[in-house]
Amino acid sequence: MRFILPVGLIATTLAIVPVRFDREKVLRVKPQDEKQANIIKDLAKTNQLDFWYPDATHHVAANMTIDFRVSEKESQSIQSALDQNKMHYEILIHDLQEEIEKQFDVKEDIPGRHSYAKYNNWDKIVAWTEKMVHKHPEMVSRIKIGTTVEDNPLYVLKIGKRDEGRKAIFMDCGIHAREWISPAFCQWFVYQAAKTYGKNKIMTKLLDRMNFYVLPVFNVDGYIWSWTRNRMWRKNRSKNQNSKCIGTDLNRNFNASWNSFLNTKNPCADIYRGPEPESEKETKAVTDFIRSHLKSIKAYITFHSYSQMLLFPYGYTSKLPPNHKDLAKVAKIGTHVLATRYETRYMYGPIASTIYPTSGSSLDWAYNLGIKHTFAFELRDKGKFGFLLPESLIKPTCKETLLAVKFIAKYILKHTS
């Protein structure tokens with residue numbers, strides 16, 4: 001028996017070593033025609049390409065900007081293939097591991113104090129939720145809406161006065177694990193709402209008349225994994241039957257045209273939709289919560305990164321929703337308001353035509369459920385850092401986004417019954 005233990009220990013140790021991305025590259029290519037688009041698709045069949053934008057091979061099309069990550073081993077042959085086919089490309093990131101390390105470019109303010117200028121791991125976020133409730137008991141309460149596959153709690157923070165009957169907005173962050181700027185924004189929003197109530201006119205008016213339900217991290221297990229094991233992880237951590245591949249893309253797991261795209265059927269794909277709609281504990285917890293508060297929830301806002309867009313339905317069809325003029329007006333003004341702070345430019349429009357078609361998304365599901373104002377933010381940046389936005393850009397990103405969210409909330413207060 002005593003010989004078995006060290007072997008087991010070695011295996012465990014090996015399993016815990018985080019994935020490294022030394023000399024991995026992120027390339028940007030813009031295929032000029034169908035032929036060039038097909039070259040990229042062919043390269044993806046024979047090489048391990050991690051698509052950053054769009055999120056999967058089948059979206060690749062002529063005149064579209066394509067960002068993908070490639071290993072050190074494969075980068076030479078990929079670059080040669082692009083050169084041979086006279087395809088112009090640029091290297092956005094030369095050494096991914098270096099960029100991962102450079103992300104943490106803000107010094108801790110005061111040890112022990114929650115920092116809104118830094119990325120916070122899950123333990124820090126849990127401690128922060130407790131602190132917010134303790135510090136603002138009349139304004140903030142914490143609701144456990146369920147648990148994850150790995151038995152972590154899913155917490156929603158309710159901000160506003162106790163009255164249940166008032167209009168409400170549901171917001172979630174971190175549905176995709178590697179998009180760290182997203183949970184950072186949810187923390188910033190809660191902090192600013194509680195801190196500026198009674199001081200900032202708009203925030204005071206909003207919180208006097210409506211409630212916000214904020215889910216700071218939707219995909220908790222995936223988020224933990226992106227901190228401890230694999231910075232580039234996207235999905236949740238559920239086991240898939242008859243497959244060694246782990247995880248479902250929670251934003252393909254909603255019951256909104258769930259079965260319409262064949263490309264989401266592969267459990268090894270980053271956009272795997274799961275075995276059935278709402279198969280994932282996280283999705284189910286959120287859908288159950290929203291259904292049970294449907295009378296009061298007038299808007300749904302979800303935060304992703306990257307590409308600087310403000311999106312509305314639909315993703316699964318190019319048909320426009322009945323109130324698309326209203327949604328486009330809100331999105332247009334929202335992006336203008338956002339730009340007033342640092343002149344950051346956002347595009348806006350329906351998901352399918354503005355970014356790429358998607359099925360099973362939370363946004364379309366919420367809209368079809370009857371919440372007629374649903375929006376998705378794709379936060380900074382446009383690809384220079386991609387999912388690795390440095391900490392020094394957290395506050396500017398949060399400050400400008402907050403302006404747009406406050407505008408949307410004001411609009412909801414005034415224009416929904």
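The dialogue below goes through domains, their interface, one arginine, disulfides and backbone geometry in a predicted model.

Q: What should I know about the model and its numbering before reading any values?
A: The model is predicted, so local features need pLDDT of at least 70 and side-chain atom pairs count only at pLDDT 80 or more, while totals for chains, interfaces and linings use all residues. Residues are numbered from 1 along each chain as its sequence is written, and side-chain values use heavy atoms, with hydrogens and water left out.

Q: How is the protein chain divided into domains?
A: Domain bounds come from an automatic or database domain assignment. Here domain 1 covers 25-99 and domain 2 covers 122-415. Their C-alpha centres lie 28 Å apart.

Q: How many residues of domain 1 and domain 2 are in contact, and what is the area buried between them?
A: Contact means heavy atoms within 4.5 Å. By that rule, 17 residues of domain 1 touch 21 residues of domain 2. Buried area is the accessible area (1.4 Å probe) that two parts lose on being put together, summed over both. For this pair of domains the value is about 1,500 Å², and carbon and sulfur atoms give 57% of it. Of the area that domain 1 buries against domain 2, 42% is supplied by Trp52, Tyr53 and Asp55, more than by any other three residues.

Q: How many salt bridges and polar contacts are there between domain 1 and domain 2?
A: A salt bridge is a side-chain nitrogen of Lys or Arg within 4 Å of a carboxyl oxygen of Asp or Glu. The rule finds three across this interface. Elsewhere in the list of pairs, the side chains of Asp55 and Arg234 meet in a salt bridge at 3.3 Å, N to O. A polar contact is a pair of N or O atoms within 3.5 Å; within protein, one must be able to donate a hydrogen and the other to accept it, and residues adjacent in sequence count only if both atoms are side-chain atoms. Between the two domains, eight residue pairs are in polar contact, both residues at pLDDT 80 or more.

Q: Which elements supply the side of domain 1 that touches domain 2?
A: Helices (H or I, at least four residues) and strands (E, at least two) are DSSP runs, numbered from the N terminus. At least two residues each come from β2 (50-53), β3 (66-70), β4 (89-93) and α4 (96-102). The most come from β2, with four residues.

Q: Where is Arg28 found, and which polar contacts does its side chain make?
A: Arg28 is in strand β1. Its side chain makes a polar contact with the side chain of Asp67 at 2.7 Å. A polar atom of the Arg28 side chain also lies 2.6 Å from the backbone oxygen of Lys382. Leaving aside neighbours within four places in sequence, the residues in contact with Arg28 include Thr65, His88, Tyr89, Glu90 and Gly383.

Q: How many disulfides does the structure hold?
A: A disulfide is a covalent bond between the sulfur atoms of two cysteines. The rule takes a pair of cysteine sulfur atoms within 2.5 Å, and the structure holds two disulfides. In one of them, the sulfur atoms of Cys173 and Cys186 are 2.2 Å apart. The torsion about their S-S bond is about 80°, so this disulfide is right-handed. Cys173 is in strand β7 (residues 167-173) and Cys186 in helix α6 (residues 181-196), 13 residues apart.

Q: Which peptide bonds are cis, and what is phi of Asp151 near?
A: Most residues other than glycine have a negative phi, and most peptide bonds are trans. The bond from Ser305 to Tyr306 is cis, with omega near 5°, and Tyr306 is in the loop between β9 (297-305) and β10 (309-312). The bond from Pro313 to Tyr314 is also cis, with omega near 5°. Phi of Asp151 is positive, near 65°, and Asp151 lies in the loop between β5 (140-147) and β6 (153-159).
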